[in-house]
Amino acid sequence: MASENNIGISSRQFVTILKKFDKDGDGDIKLSELDAFLKAFVDEGLIENSRAVVIAEKIREEQQDGDEVSMTTLTKEIAPVNFLTAEFGEQKTRITSVDFMKLWNNYDADNSGYLDRVELQKFFYDIVTKNKGEGDSEDTEELERKVDHYIKTMFEMLNIQEDKVSLEKMCKFCPVEENFLEQYEDKSDEIEGCELEGFLKDLYDRKHKPGQSFEKFKEEKMKKFDKDKNKKFSKQEVKKILSKLS
């Protein structure tokens with residue numbers, strides 16, 4: 001019997017099924033294979049058949065063009081809890097977009113837009129230990145082993161050939177809590193630095209074009225909304241962006 005809580009779907013279970021349908025290794029499947037793909041999850045007892053029917057209908061309704069379904073869409077509908085939470089628990093993986101960008105910028109010291117495997121291990125370890133409770137007795141060696149396993153799965157699922165990960169691919173495997181898009185009214189009249197990047201990351205997660213990198217998206221939005229070229233967004237500029245999302 002399938003679990004009613006999608007947190008039961010691990011990254012390993014997802015990638016095992018995905019690889020059966022993702023023939024070219026780009027993380028997408030053909031729309032014509034969607035029903036068979038979802039049935040594989042039903043057969044493994046990971047989701048109920050009724051849930052698979054709802055997911056298929058929703059994806060087809062939202063699929064405006066093209067005959068392929070992206071991994072981002074599939075994971076959002078099948079495992080909305082996200083794999084990081086499924087692997088390590090909700091409390092350990094709670095992080096805002098601002099804190100995410102602070103961590104990213106800390107380890108992407110050369111501003112290349114990529115993290116290598118060593119940097120990734122430190123990045124994820126920092127995330128899962130950031131909210132570690134007093135009663136959490138999991139030892140460091142075991143946690144490092146789980147982080148290493150998670151990174152290997154991420155490389156396999158995203159078909160990453162090089163020994164590094166871009167920010168846009170990281171966004172697929174490390175969803176964060178929405179920050180500025182829902183809570184901007186509590187902020188000051190201007191945002192800059194990591195806060196601005198966190199805001200842009202939230203926008204990127206919602207509005208980027210297929211295949212568009214975070215850096216290209218950021219460049220586009222800065223050119224459009226940062227009229228005074230001071231690398232800051234004013235409250236007026238943010239409201240203008242948010243109004244276009246509503």
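This is a predicted model: local features need pLDDT of at least 70, side-chain atom pairs count only at pLDDT 80 or more; totals for chains, interfaces and linings use all residues.
How much of the chain over residues 95–130 is helix, how much is strand, and how far apart are the end C-alpha atoms?

View 1. Over residues 95–130 the chain is 69% helix and 8% strand, with the end C-alpha atoms 9 Å apart. An unreviewed UniProt entry lists this stretch under "domain: EF-hand", together with residues 9–44 and 213–246.

**View 2. Helix H7 and its N-terminal cap.** Helix H7 comprises the 14 residues 117–130, which at 1.5 Å a residue should span 20 Å, and the distance of 20 Å between its end C-alpha atoms agrees with that expectation. The N-terminal end of H7 is capped by aspartate 116, one of whose side-chain oxygens lies 3.2 Å from the backbone nitrogen of valine 118.

**View 3. The buried face of H7.** Leu120, Phe123, Phe124, Ile127 and Val128 are buried in H7. Seen down the helix axis, the buried residues of H7 fall within an arc of 120 degrees, and therefore line one face of the helix. In general, an α-helix has 3.6 residues a turn, so residues three or four places apart point the same way.

**View 4. The largest nonpolar core.** This core has 35 residues, and those with the most contacts inside it are Leu120, Phe123, Phe124, Met170 and Phe233. The elements that give two or more residues to the core are H6 (97–107), H7, H8 (140–157), H9 (167–173), H11 (193–207), H12 (214–225) and H13 (235–245), and H8 gives the most, with six residues. At least three residues of the core come from each of domain 2 (97–172) and domain 3 (190–244).

How values were computed
Residues are numbered from 1 along each chain as its sequence is written. Side-chain values use heavy atoms; hydrogens and water are left out. Helices (H or I, at least four residues) and strands (E, at least two) are DSSP runs, numbered from the N terminus. The expected span of a helix is 1.5 Å times one less than its number of residues. Buried means under 20% relative accessible area, exposed over 50%, partly exposed in between (1.4 Å probe, protein chains only). The arc is that of the directions from the helix axis to the C-beta atoms. A polar contact is a pair of N or O atoms within 3.5 Å; within protein, one must be able to donate a hydrogen and the other to accept it, and residues adjacent in sequence count only if both atoms are side-chain atoms. UniProt positions are given in the numbering used here, feature names are shortened, and annotations may be inferred rather than shown by experiment. A nonpolar core is a set of buried Ala, Val, Leu, Ile, Met, Phe, Trp, Tyr and Cys residues joined through side-chain atoms within 4.5 Å. Domain bounds come from an automatic or database domain assignment.
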